[in-house]
Amino acid sequence: MVTQQRPTADTRHLIPFGRGPQALEHSVWYSGWLFTFLATGEDTQGRFALIEGVTRKGNVPPPHIHHGGDETYYILDGEMTASVGGQIIKGTPGTVIFVPPDVAHSFEIESEQMRMLVLLTPAGLEGYFKECSVPAPSMTLPPPSEVPYSEIQKLMAVGPRYGVEWVLPKP
């Protein structure tokens, strides 16, 4: 079951906010990434979430599908190659890559380091990243390491609650 916040039409209760980059109290280490939550569903009444993500070369999430929301990447620095529904898209600074819901996708980081904005519409999927991460102790990338099997199991168990489906290889 997807646990996402639904946007509401009533804007009378929106509270203006501002949050800049390098906000340690809003940052986590997730699977080789430093994520900073610039806006969450709590901030936007579920309309969207915006995350700044920094990672290093070789980071390749397994193919997966998001049910119930769009994911848009805006490349700030570095390069990646994305596979979205079988289409290959080269991402360089200034590139926007749109991933509609229910479409299998993955990507590979090709530059030594990459920084991008991730827009989630509507909000909700950021909860998955928060649940599967640890608070960042500093505004640096986590140390490179092999993801332990227990972490992979956690990612796979938590994912369906947020509409994440892992596309496993066919036997």
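A residue is called buried when its relative accessible area is under 20%, exposed when that area is over 50%, and partly exposed in between, using a 1.4 Å probe and protein chains only. This is a predicted model, in which local features need pLDDT of at least 70 and side-chain atom pairs count only at pLDDT 80 or more, while totals for chains, interfaces and linings use all residues. Residues are numbered from 1 along each chain as its sequence is written, and side-chain values use heavy atoms, with hydrogens and water left out.

Of the 171 residues in the protein, 42% are buried. A nonpolar core is a set of buried Ala, Val, Leu, Ile, Met, Phe, Trp, Tyr and Cys residues joined through side-chain atoms within 4.5 Å; the largest one here has 30 residues, and among the members that touch the most others are Tyr30, Tyr128 and Phe129. A second, separate core of 5 residues includes Trp29 and Val54.

A salt bridge places a side-chain nitrogen of Lys or Arg within 4 Å of a carboxyl oxygen of Asp or Glu, and by this rule the protein has 6 salt bridges. Three of them are listed here.

| Pair | N to O distance |
|---|---|
| Glu112 and Lys57 | 3.8 Å |
| Lys90 and Glu79 | 3.4 Å |
| Glu110 and Lys90 | 2.4 Å |

Glu112 is exposed, because its relative accessible area is 60%, whereas Lys57, at 46%, is partly exposed. Elsewhere, Glu52, Asp77 and Arg115 are linked in a network of salt bridges.
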